[in-house]
Structure formats: structure tokens, C-alpha cells
Amino acid sequence: MKKVRTRFAPSPTGYMHIGNLRTALYGYLFAKKEGGEFILRLEDTDSKRFVEGAVQIIYDTLKDAGIVYDEGPDIGGPCGPYVQSERAAIYKEYAEKLVKLGGAYYCFCDRERLESLKDENGVGRYDKHCLHLTGEEVREKLAAGVPYVIRQNVPEEGSGSYEDMVYGTVTVDFKDIEDGILLKSDGLPTYNFANVIDDHLMGITHVIRGSEYLSSTPKYNLMYDAFGWERPVYIHLPPIMKNAHEKLSKRNGDASYQDLVDKGYIKEAIVNYIALLGWSPKSNREKMTLKELEENFSLSGINKSPSIFDEPKLRWLSGEYIKDMPDEEFAKRARPFLARSKAYGKYDEEKLLKILKTRVEILSEIPEKIDFLEEYGPFDEALYFNKKMKSDAEVAKKVLPLARDLLASLEPFENSAIYQALVGLAAENGMKNGQVLWSVRIALTGRENTPGGASEMAELLGRERTLERLGAAMTALGL
RNA sequence: GGCCUCAUGGUCAAGCGGUUAAGACGUCGCCCUCUCACGGCGAAAACCGGGGUUCGAGUCCCCGUGGGGCUACCA
């Protein structure tokens with residue numbers, strides 16, 4: 001059996017979108033699952049669309065996501081170069097060869113004539129005008145330097161079929177396919193042509209790409225057939241949508257890989273999530289590492305219908321990754337976000353992280369979750385009221401002084417000891433635990449909700465700040 | 001317009017002729033609990049419509065409707 005070779009062939013025109021990344025991911029997963037190779041090729045034949053820095057983004061994104069290619073522009077390989085703009089001579093040679101084989105022909109029609117072929121709606125296909133030029137006429141024009149393109153010669157009758165691995169049999173009548181341009185007048189190939197030549201020359205066995213190529217695949221096959229080359233297996237992927245009507249794209253939103261990483265989504269979760277968009281594993285387990293995805297990937301699990309990118313679910317997955325992450329790893333990843341908080345550097349980092357770990361799904365939530373530590377100030381005494389805890393300002397007036405005295409000398413000043421002490425205080429004074437705990441927590445933070453209980457907050461704040469705030473709260477209550 | 005293609009809860013999806021139509025996210029409720037969160041338990045929620053085929057259709061066929069794509073000297 002031939003070794004499986006897949007490729008990811010992006011055009012360096014900007015950001016890596018989630019859809020692009022998924023196409024790359026599936027190509028990678030399939031190749032690895034089959035023990036094959038995955039290669040990266042840059043399709044930059046349209047100089048007008050070239051965007052500075054886009055190539056680097058492609059390298060960086062793949063690397064960051066853990067998608068490693070076996071051959072590519074920056075690492076080389078036996079089928080290079082892997083950049084189409086550096087392969088112009090190859091395409092020209094093959095285009096001329098295809099002309100000789102009857103699969104293509106020279107066309108000298110100018111734009112004006114081409115325009116005249118279209119109807120009021122701008123539709124109308126080429127009429128094969130130049131196909132009927134004699135060999136002599138072609139030679140003359142070529143010699144005279146008349147600008148030309150090379151067009152594919154699509155049969156006027158019949159149809160082309162192929163078996164797509166996800167969509168099944170796809171058939172298109174040749175009469176619905178135009179004699180597309182293979183080699184532009186600037187000498188560079190169009191996507192269709194360069195793609196076929198490169199995929200063949202690079203030994204690609206499985207073409208994995210978006211479903212937008214579903215109906216143009218028969219014309220690729222025509223070329224493979226004309227050259228006498230073996231056709232690859234096609235695997236078309238449904239689009240990833242922003243909503244029911246729009247495809248995910250930079251223009252519609254900002255769901256590029258980098259944007260998500262910047263927002264603090266855990267990158268493994270992003271990769272995991274997009275693998276699940278359009279593909280479902282045999283088992284019901286959804287959280288999977290790249291390695292596990294490689295092992296479990298299968299073409300039969302690929303879905304045919306478009307899927308909508310659901311950020312809430314990505315959020316959840318990201319949170320799962322955080323919760324399962326070793327503390328040191330979480331610390332490493334959280335630190336840059338921690339640094340954005342006012343509380344950064346003023347509290348014990350380890351304690352902060354511990355509190356954050358189960359309360360954060362994406363890293364960018366970190367600052368907002370702990371900023372409150374530095375936002376202590378006068379607050380409404382109605383906060384002391386809690387029906388379930390049977391607590392209110394009057395209770396607080398009783399509790400706070402006792403708590404302050406108790407905590408002033410408590411050793412060690414640490415969560416469970418503090419908790420035990422406060423509960424003990426409640427018992428001694430015939431109060432409910434909640435009355436003490438609630439009052440203290442409110443006094444310490446001035447907030448109805450905090451990421452942790454009274455004892456945890458006290459530990460975090462430290463003895464000095466705890467006593468200080470207890471004192472301030474008592475003063476506010478008129479004590 | 002022509003052609004290709006898709007259609008199960010709000011979202012991702014399982015299902016591949018006979019099921020009480022999985023599971024996950026989200027939502028809601030309950031439990032746990034020093035508030036929040038975590039965790040546990042539970043609930044509501046779906047086969048686009050119409051014709052066939054069949055003893056039997058979410059599953060097969062046709063039509064319709066709706067969505068997406070292609071129809072460039074873009075990829």
C-alpha cells in the first residue's frame with residue numbers, strides 16, 4: 001500500500017482562521033493515524049493578495065497548535081520548493097505538456113472579447129474560440145508576442161464523477177464547467193492548475209480541503225486523467241460557520257486562532273474543540289489530547305453539514321483543561337494574565353492561583369476575578385443581611401469584635417485553622433456558623449460574592465490586612 | 001439564473017429500516033457548601049414539509065422549502 005501523504009496548502013493572505021486550522025488539523029490527524037506524512041505548501045500564486053507577515057503566522061500557528069509537518073518551506077524536503085511562486089518554471093512546462101496532450105490550449109482572447117461573452121448578469125462562459133486556432137496560427141501569435149493564457153480543454157459532452165470520502169458520489173456535467181485558465185498571462189498558474197501539478201509531484205494521496213471545491217473537482221480529475229496520473233482520494237470538509245448564514249471569517253468576527261489564544265483560551269482546548277467541529281469520535285469522550293485525537297481519528301466520523309462555532313462550548317473545554325492542569329503548568333500560563341491585575345505582586349501567588357483554578361475558564365478572566373482584593377472600600381451595611389445565614393448588621397456588630405480578637409493572635413494564620421477558630425467562636429456564643437462566617441467575609445471584602453469563604457479570604461489577605469479591614473468595618477458600623 | 005451540496009433539541013452531535021431518538025455545551029431545578037465556584041443528581045428541549053417504497057422510515061427514493069458553495073487571468 002502506498003504511504004499516505006496529505007498536505008495543508010494555505011494561501012498567505014492573512015490570519016489563520018479556525019476553518020483553515022481545522023483543515024490543517026484533519027490533514028495532520030489523518031496522515032498520522034495512517035502512519036503517513038503531512039506536508040505544508042504555500043500557495044502564493046496571486047501576488048495581489050499577498051499579505052506581509054502572513055507566512056510567519058502560518059508557521060507560528062501550526063507550531064503553537066502542535067501540528068507538525070514533515071516537509072515544508074522552512075524545513076525543506078524531497079519535493080521542494082514548497083512555495084508555489086518558486087515553482088513557476090515547473091507549471092509552465094506542465095502546461096505546455098498538457099497542451100500537447102490535448103488537455104489544454106493557448107488562448108489569445110483579450111479582456112474585451114471575454115467581457116462580450118457575458119450576459120447582463122455577468123455570467124457566460126468561454127466559447128472555446130481559440131481551441132479552433134490552427135497550429136500555424138498559434139505559432140504565429142506566439143512568435144509575434146501576443147499575450148496569451150493556457151486554458152483547460154473541457155469536453156463539451158459527458159460528465160465527471162468521483163467518490164468523495166465524506167460526500168459520496170459527486171457528478172458534474174462537463175457542459176457546466178468552463179474552460180478555465182490554467183496559466184495566466186503573467187506566466188503564473190492559477191490555483192486549480194498549480195494545485196494539481198503540485199499534489200501529483202509531491203505524491204499527495206489524499207486531498208483534504210473545504211467543500212467549496214466539491215463541484216470543481218471533476219475538472220481537476222480531467223487534468224489527472226489527461227496526464228495519465230493517478231487521481232488522489234478526495235476528502236471534502238463542511239464549512240465552519242459563524243452563524244446559520246455566515247461562514248467564519250476574519251471579516252465576520254475575530255475567531256482566528258491567535259485571537260482565541262489572546263483571549264486566554266487554552267490552546268489544547270482550541271485544537272480539541274475544532275477537531276470536534278465536524279467530526280465525532282466513536283466514543284463519547286470529548287476531551288482528548290492531540291495524541292489521542294491522532295489515535296481516534298477516522299474519516300467515517302466526519303460530518304457533512306456545516307457546523308456553527310460555539311464559543312460557550314470552547315469555553316467549557318478550556319475550563320476543563322485548566323482544572324486538569326498541574327498547578328505549575330497553570331501558574332506558568334496564568335502568570336501573564338495575573339500580571340494584568342492590580343492585585344498582582346501584593347498577594348501570595350500560589351494562593352491566588354489555587355482560588356482561580358476552579359473559577360476560571362479562560363485566562364483573561366483572571367484580572368477581573370481578583371481585582372476586588374484591591375478594591376476594598378466603604379460598602380452598604382445591607383450586605384450583612386442574609387436570610388439563609390440569619391445574618392445582618394446587628395449580628396455583625398457582635399461577631400466582628402470577637403473575630404478580630406481571635407484572629408489577632410491565631411497561629412497558624414491559615415485557612416483551616418481560621419475556619420476552626422471561627423466555627424468555635426460561633427459555638428461559644430450560641431450562634432450559627434453562617435452568622436459568623438458570613439459577617440466576617442463581608443467585612444473582609446465588602447462583596448456579596450467572593451471566590452472563596454471567610455477563612456480563605458482571611459488567609460489570602462494575611463493577618464495584617466485582615467485585622468485592618470475588620471477594624472475598618474467595625475468603625476463603619478459605629479463601633 | 002445554472003450547477004454542486006447540506007438538513008436530528010438553542011449549539012456540537014450519535015443513529016446507518018424496528019431505539020423509551022445517545023452523549024456533550026448551554027439553560028433550569030435540587031444536593032453539597034463559610035457566599036461564589038468545583039463536584040453530584042435531575043429536568044425541559046429535536047428528526048424542515050409533502051409524497052412514495054416497506055409489515056415497519058430520523059434512517060431508502062422523489063418533490064418542495066430553507067441553508068451553504070461554485071459559476072474570476074482569487075485561493
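**Note on a predicted protein–RNA model**

1. Gly35 sits in the loop that joins α1 (18-33) to β2 (37-40); helices (H or I, at least four residues) and strands (E, at least two) are DSSP runs numbered from the N terminus. Gly35 counts as exposed because it has 8 C-beta neighbours inside 10 Å. Gly35 and Ser298 are 263 residues apart in sequence, and their C-alpha atoms are 13 Å apart in space.

2. The model is predicted: local features need pLDDT of at least 70 and side-chain atom pairs pLDDT 80 or more, whereas totals for chains, interfaces and linings use all residues. Residues are numbered from 1 along each chain as its sequence is written, and chains are lettered from A and ligands numbered from 1 in the order in which they are written.

3. Around RNA strand B there are 62 residues, of which Ser11, Glu43, Tyr191, Ser305 and Gly453 come nearest; a residue is near the strand if its C-beta atom, placed from the backbone, lies within 6 Å of it. This surface divides into 22 nonpolar, 22 polar and 18 charged residues. For these classes, Ala, Val, Leu, Ile, Met, Phe, Trp, Tyr, Cys and Pro count as nonpolar, Asp, Glu, Lys and Arg as charged, and the others, Gly among them, as polar. Helix α17 gives the most to the surface, with five residues.

4. In helix α6 (residues 191-201), the buried residues are Phe193, Ala194, Asn195, Val196, Ile197, Asp198 and Asp199. Their cover includes α3 (88-100), β7 (181-183), β8 (206-210) and α7 (217-227), with contact taken as C-beta atoms, placed from the backbone, within 7 Å. Gly203, which follows α6, has a positive phi near 70°.

5. Helix α16 (residues 415-428) meets helix α17 (residues 433-445) through Leu422, Val423, Leu425 and Ala426, which face Asn433, Gln435, Val436, Leu437 and Val440. By class, this contact has seven nonpolar, two polar and no charged residues.

How values were computed. Contact = placed C-beta atoms within 7 Å. Buried ≥ 20, exposed ≤ 12 C-beta atoms within 10 Å, placed from the backbone.
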